[in-house]
Amino acid sequence: MGSRTHDLAGAPLVIKLDDDVQTLHVLGVGAGVVGRATGLALRDLGHRVRFADIDDGVVERLRAEGLEASHMANLDLAGVDLVLVSVQTPTFEDHADLRYLEAAIADIGEALGRAAASEPDRYRVVVVRSTIPPGTTEDRLIPALETRSGLRAGEDFGVSMTPEYLRHWNAQADAGAPRASVVGELDERSGDLVERLVAPFGRPIHRMPIRAAEFHKYVHNLANAAKISFFNELREVATSIGVDADRVFGLVTETAEGLWNAAYGTLDLGSFEGCLSKDLRAFLSWAAERGLELPLLSGAEDTNRRSERG
Ligand SMILES: NC(=O)c1ccc[n+]([C@@H]2O[C@H](COP(=O)([O-])OP(=O)(O)OC[C@H]3O[C@@H](n4cnc5c(N)ncnc54)[C@H](O)[C@@H]3O)[C@@H](O)[C@H]2O)c1
């Protein structure tokens, strides 16, 4: 059964779906922690989900669980509405290693070209779920998809970057109950289809340009990294002066506005002055006199001085 909608220019667009307008046919490329957990969560929502992976062992394990899975060598996008790409992007020599992702994208591009020949009316959307530096999708992945498929992104197929936020130790539960979905979209059609995919989660959906979604995922992780580092740094100070860090830090979550007011510090108000500035400088000197190094807080002072200069 198909559903009719309109693209940005008002031209009619037919999106062909398998059963009814709610059910989408999803192919999860890369079925590790993220791919498997999100695939199962989407299946629980009523979507049809198949998996493809480069690793024979992964494919066999999925099949043993009664799931539809195939090796990448047999990639077939017939009937598929969305291709969700969740392959690993490890850090190698301090850079995001995109080799796995680019290999998967090359295979998906070839398969898109084959599928378009047999099903020219279906607007498939390639959805990148892997964490990647801002600009990667537009600068590297979309050109590769176009070259391999011989098709045009935004005309013959759609693209989205929809990051995943699950915690690996709670993967299945987190995938089934996202706090929100951030949908980076190449065009409105791509975003519409991804929105229909995740809408049944019943959580907020935030649509934005692709590089904003890529950036958001990093800022999300960096915010957590900075917070952990901040308290680790000050834990060393607490230990050195014989203070109970857990008690003080727990109390700070109640007293410091930066921890209880979610919007605090996120607005463009420039550098900080007054008590924050004077106390930061005095504390850094006090710590230095005791041989305590506070690189994160020293960096905070540098950053504030830079924004002071505009
Ligand atoms: N693990 C987490 O907690 C978590 C959370 C959020 C986001 N992420 C991000 O999601 C992405 C996936 O992470 P993960 O932990 O699921 O990785 P993973 O290593 O568990 O799984 C990756 C899977 O991709 C497969 N694969 C590799 N190359 C392939 C190819 N060319 N074609 C098809 N399959 C291929 C691997 O065999 C593996 O099964 C990464 O970018 C990661 O940063 C991870």
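Let me start with helices α7 and α8 in this predicted model, where the axis of α7, covering residues 210–240, and the axis of α8, covering residues 245–255, come within 10 Å and cross at roughly 135°. That angle makes α7 oblique to α8, and the way α7 passes α8 is a right-handed crossing. If you look for the residues that meet there, you will find Phe231, Arg235, Ala238 and Thr239 on the α7 side, and Ala245, Val248 and Phe249 on the α8 side. Sorted by class, the residues of this contact are five nonpolar, one polar and one charged.

Now please turn to a second pair of helices, α10, with residues 274–289, and α11, with residues 295–308, which pack at an angle of about 140° with their axes 10 Å apart. Here too the angle makes one helix, α10, oblique to the other, α11, but the crossing of α10 and α11 is left-handed. From α10, the residues Ser277, Leu280, Arg281 and Leu284 meet Leu297, Ser298, Ala300, Glu301 and Asn304 from α11. The residues of that contact divide into four nonpolar, three polar and two charged.

Is Gly79 buried, exposed or partly exposed? Gly79 has 16 other C-beta atoms within 10 Å, and therefore counts as partly exposed. Although Gly79 and Ala115 are 36 residues apart along the chain, their C-alpha atoms are separated by 8.6 Å.

Finally, let us step back to the whole protein chain, which contains 11 helices and 12 strands, and whose C-alpha trace spans about 75 × 45 × 35 Å along its principal axes. Of the 310 residues in the protein chain, 30% are buried. If we take the contacts between residues at least 6 apart in sequence, 63% of them join residues at least 24 apart.

Methods:
Residues are numbered from 1 along each chain as its sequence is written. This is a predicted model: local features need pLDDT of at least 70, side-chain atom pairs count only at pLDDT 80 or more; totals for chains, interfaces and linings use all residues. Axes are lines fitted to C-alpha atoms, for helices over the stretch in contact, and angles run from 0 to 180 degrees between N-to-C directions. Helices (H or I, at least four residues) and strands (E, at least two) are DSSP runs, numbered from the N terminus. Angles under 35 degrees count as roughly parallel, over 145 as roughly antiparallel, 65 to 115 as roughly perpendicular and the rest as oblique. A crossing is left-handed if the near helix is turned anticlockwise from the far one by less than a right angle, and right-handed if clockwise. Two residues are in contact if their C-beta atoms, placed from the backbone, lie within 7 Å. Ala, Val, Leu, Ile, Met, Phe, Trp, Tyr, Cys and Pro count as nonpolar, Asp, Glu, Lys and Arg as charged, and the others, Gly among them, as polar. A residue is buried if 20 or more other C-beta atoms lie within 10 Å of its own, exposed if 12 or fewer, and partly exposed in between; C-beta atoms are placed from the backbone.
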